[in-house]
Amino acid sequence: MKQAARNGIASVLIAAAALTAGCATASRPDAMVATPATIVRHNDASVSVEVAGGKGTSAMGESQISNDAFAQALRDSIQKSGLFSAVADSGANYKLTAFIGKMDQPMFGFAMTVKMEVSYTLVDTRSGKTVWQKDVASQYTAHPSDAFVGTTRLRLANEGAARANIQQALADLSTVSL
Amino acid sequence: MRRLIRIALLFPLLLAACATETTSRAPDVHLERLKTFYVARLPADDRGIQKLICARLQQLGYRSTWGDARTPPSPVDAVVTYQDRWMWDITMYMIRLDVQVRDGRTGAILAYGEVMRPSLQRKSPQGMVEETLGEIFK
C-alpha cells in the first residue's frame, strides 16, 4: 500500500514536471512571417512599420511576442508579398502601425489556443490622412504532437496566431487602392 | 514517504508567481478625450464583472453603461471588453483580468490593461477591476 502511494506521488510529480518544465522563449520573427497571399494590388510606394502593445518574455513567465519581433515579421511579410515597393526605416510614403491589443493565452493545457487581435492603421505620411484601418482577429492551436513541452507549445501557438494575423491584414490591405 | 510528501507540498511554491500589471496604448491615442463608455458583457461571465467595470468607470467620472450586446445601443466614445480567469485554491479567486478599451465607432483597440495575481496575492474582483482600470487610465 505504502509502495503504491509512493509510486502514485512520484508519477504525479514527474507528470507535473513534464507539463511545466522548460523556460519560456520569445516568439521568433521568422516563424511569424506570413505565406504570401494573393495580392490584388502592388503599390509603387514605400512603407515604414511601427508596432506597439507587444511584451517581452521572461524565462519564468509565458512566451510573448515583442514589438521588435512582430515588426520584423511584418516587414519580412510585406517584402515577401511585394505589396509595397520597399520597406524603409524612415522617409517612406506610408506608415503602417500595428497595435497588439489582445493576446488571449491559456495558462496550461494540452491543446493550447492563442487568440490575438491587432489594430492596423496605414497613414499617408505626406497628408497625415489615415487611408486604411482594420482590426484583425486570429487564432492558432498548438497540439502536444507539435511540442511536448508546454512553454514551447505556447510559443508555437503565439507564432501561428501572429502569422495568421499578418496574412489576413496584408490580404485586406492589398485590396485598398492607394 | 515523508520526503515525497514534502516535495509534493513544495511544488506549488515553485509554481507560485509574482503579481504582474501590463498596460499599453496604441500610438497617438488620447484616452483623456473619451467621456462615454459602454461595457460589453462577456457572454461566459455569470459573475457580473461588467457591472463592476461599469461602476468603477462611473466612480472615475465617466458616463458608462453596460449591456449584453457586443455593440452599444447608442453611440459612445469607447466600448470596453474584458476576459476574466479564475482559479481554485481553497476558494475560487480571479487570477487574471484583461480589459480592452476600443474605439466606439470602429471597434479598434485603443488601449489594454492586464493584471495577474496568483493565490497568495489575490484580490477581490472589485480590487482587480480597480487595479486594471487604474493602470489603463493613469
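Is A:G91 buried or exposed, counted by C-beta neighbours inside 10 Å? A:G91 has 8 such neighbours and counts as exposed; a residue is exposed if 12 or fewer other C-beta atoms lie within 10 Å of its own, buried if there are 20 or more, and partly exposed in between, with C-beta atoms placed from the backbone.

The model is predicted: local features need pLDDT of at least 70, side-chain atom pairs count only at pLDDT 80 or more, and totals for chains, interfaces and linings use all residues. Residues are numbered from 1 along each chain as its sequence is written, while chains are lettered from A and ligands numbered from 1 in the order in which they are written.

**View 1. The loop of chain A that holds A:G91.** A:G91 is located in the loop between strand 2 and strand 3 of chain A. Helices (H or I, at least four residues) and strands (E, at least two) are DSSP runs, numbered from the N terminus. Between the C-alpha atoms of A:G91 and A:M112 the separation is 41 Å, at 21 residues along the chain.

View 2. Chain A comprises three helices and five strands, in the order α-β-α-β-β-β-β-α from the N terminus. Of its 178 residues, 34% are buried. Among contacts in chain A with a separation of 6 or more, 73% join residues 24 or more positions apart; two residues are in contact if their C-beta atoms, placed from the backbone, lie within 7 Å. Helix 2 (residues 67–81) of chain A has 15 residues and spans 21 Å from first to last C-alpha, close to the 21 Å expected at 1.5 Å a residue, where the expected span is 1.5 Å times one less than the number of residues. Its buried residues include A:A69, A:F70, A:A73, A:L74 and A:I78. The buried residues of this helix pack against strand 1 (46–52), strand 2 (86–87), strand 3 (94–104) and helix 3 (150–173) of chain A. Just after helix 2 of chain A, A:G82 adopts a positive phi of about 75°.

**View 3. The packing of helix 2 on helix 3 in chain B.** Helix 2 (residues 49–59) and helix 3 (residues 125–137) of chain B pack at about 50°, their axes 10 Å apart. Axes are lines fitted to C-alpha atoms, for helices over the stretch in contact, and angles run from 0 to 180 degrees between N-to-C directions. The pair is therefore oblique, as angles under 35 degrees count as roughly parallel, over 145 as roughly antiparallel, 65 to 115 as roughly perpendicular and the rest as oblique. Residues making the contact include B:L52, B:I53 and B:R56 of helix 2 of chain B and B:V129 and B:L133 of helix 3 of chain B.

**View 4. Two residues of chain B with positive phi.** B:D28, which is not a glycine, has a positive phi of about 65°. B:D28 lies in the loop between strand 1 (20–25) and strand 2 (36–40) of chain B and is exposed, with 9 other C-beta atoms within 10 Å. B:I90, also a residue other than glycine, has a positive phi near 70°. B:I90 sits in the loop between strand 4 (78–89) and strand 5 (91–103) of chain B and counts as exposed, with 6 C-beta neighbours inside 10 Å.

**View 5. Confidence along chain B.** The mean pLDDT of chain B is 89, and 88% of the residues score at least 70; pLDDT is the predictor's confidence in each residue, from 0 to 100. Among the elements of chain B, helix 1 (residues 2–15) has the lowest mean pLDDT (52) and strand 2 the highest (98). Residues 9–14 of chain B have pLDDT below 50, and this stretch has two contacts in the model beyond near neighbours in sequence. Where pLDDT is low, the predicted coordinates should not be read in detail.
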